[in-house]
Amino acid sequence: MWAVTDDDVKYYATLGQVKKPNVDYYKAMLPVLLDKVNEDYNTCFTPENMPPNVKLFLAKAVPFFSGASGLKSRKMGSVSYSFDFNDMPVAITDLLKRYRKARFHVFRPYG
């Protein structure tokens, strides 16, 4: 798993134009979002080999999920948050469009 450093937080906050980032939140969310990109787009990006579009996506997605707009549910006792990744603006998700790979499924006729 990606061990996010303070320099990484500063870099992604600057890319996302966040003036006062919550360092702990960035350290928690950056690896989660990178894993989500790798899972959804069937890629194997690491912090060392990330293309610029993925870096921009991460920089814009972290502040998006820090607000209430990406929050689907919240639980206060023992703190539990749930995010809906489908509600992200197209301007953010279009950064990853080029990495979507076609998935083929076997056609099975009925009968």
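This is a predicted model: local features need pLDDT of at least 70, side-chain atom pairs count only at pLDDT 80 or more; totals for chains, interfaces and linings use all residues.

Q: Why is Pro63 called partly exposed?
A: The relative accessible area of Pro63 is 27%, and partly exposed covers what lies between the limit of under 20% for buried and that of over 50% for exposed, so Pro63 counts as partly exposed.

Q: Which residues does Pro63 touch, leaving aside those up to four places away in sequence?
A: Pro63 touches Val18 and Tyr26, where a contact means heavy atoms within 4.5 Å. The C-alpha atoms of Pro63 and Tyr25 are separated by 9.5 Å, although these two residues are 38 residues apart along the chain.

Q: What makes the span of helix H3 close to the expected one?
A: Helix H3, which runs over residues 52-66 and has 15 residues, reaches 22 Å from its first C-alpha to its last, and this is close to the 21 Å expected at 1.5 Å a residue. The buried residues of this helix include Asn53, Val54, Phe57 and Leu58.

Q: How do you know that Asn38 is buried?
A: Asn38, which lies in helix H2 (residues 23-40), has 14% relative accessibility, and buried means under 20%, so Asn38 counts as buried. Not counting residues up to four places away in sequence, Asn38 touches Thr43, Cys44 and Phe45.

Q: Why is H1 called roughly perpendicular to H2?
A: The axes of helix H1 (residues 6-15) and H2 come within 10 Å and cross at roughly 90 degrees. Angles of 65 to 115 degrees count as roughly perpendicular, and therefore H1 is roughly perpendicular to H2. On the side of H1 the contact is made by Asp6, Val9, Tyr12 and Ala13, and on the side of H2 by Val23, Tyr26, Lys27 and Leu30. Sorted by class, the contact of H1 with H2 has six nonpolar, no polar and two charged residues.

Q: How many helices and strands are there in the chain, and how do its elements run from the N terminus on?
A: There are four helices and two strands in the chain, and from the N terminus on its elements run α-α-α-β-β-α. Of the 111 residues in the chain, buried residues make up 30%. The chain exposes about 7,900 Å², of which carbon and sulfur atoms supply 54%.

Key: Residues are numbered from 1 along each chain as its sequence is written. Side-chain values use heavy atoms; hydrogens and water are left out. The expected span of a helix is 1.5 Å times one less than its number of residues. Buried means under 20% relative accessible area, exposed over 50%, partly exposed in between (1.4 Å probe, protein chains only). Accessible areas come from the Shrake-Rupley method with a 1.4 Å probe; for residues, only the protein chains shown count as cover. Axes are lines fitted to C-alpha atoms, for helices over the stretch in contact, and angles run from 0 to 180 degrees between N-to-C directions. Angles under 35 degrees count as roughly parallel, over 145 as roughly antiparallel, 65 to 115 as roughly perpendicular and the rest as oblique. Ala, Val, Leu, Ile, Met, Phe, Trp, Tyr, Cys and Pro count as nonpolar, Asp, Glu, Lys and Arg as charged, and the others, Gly among them, as polar.
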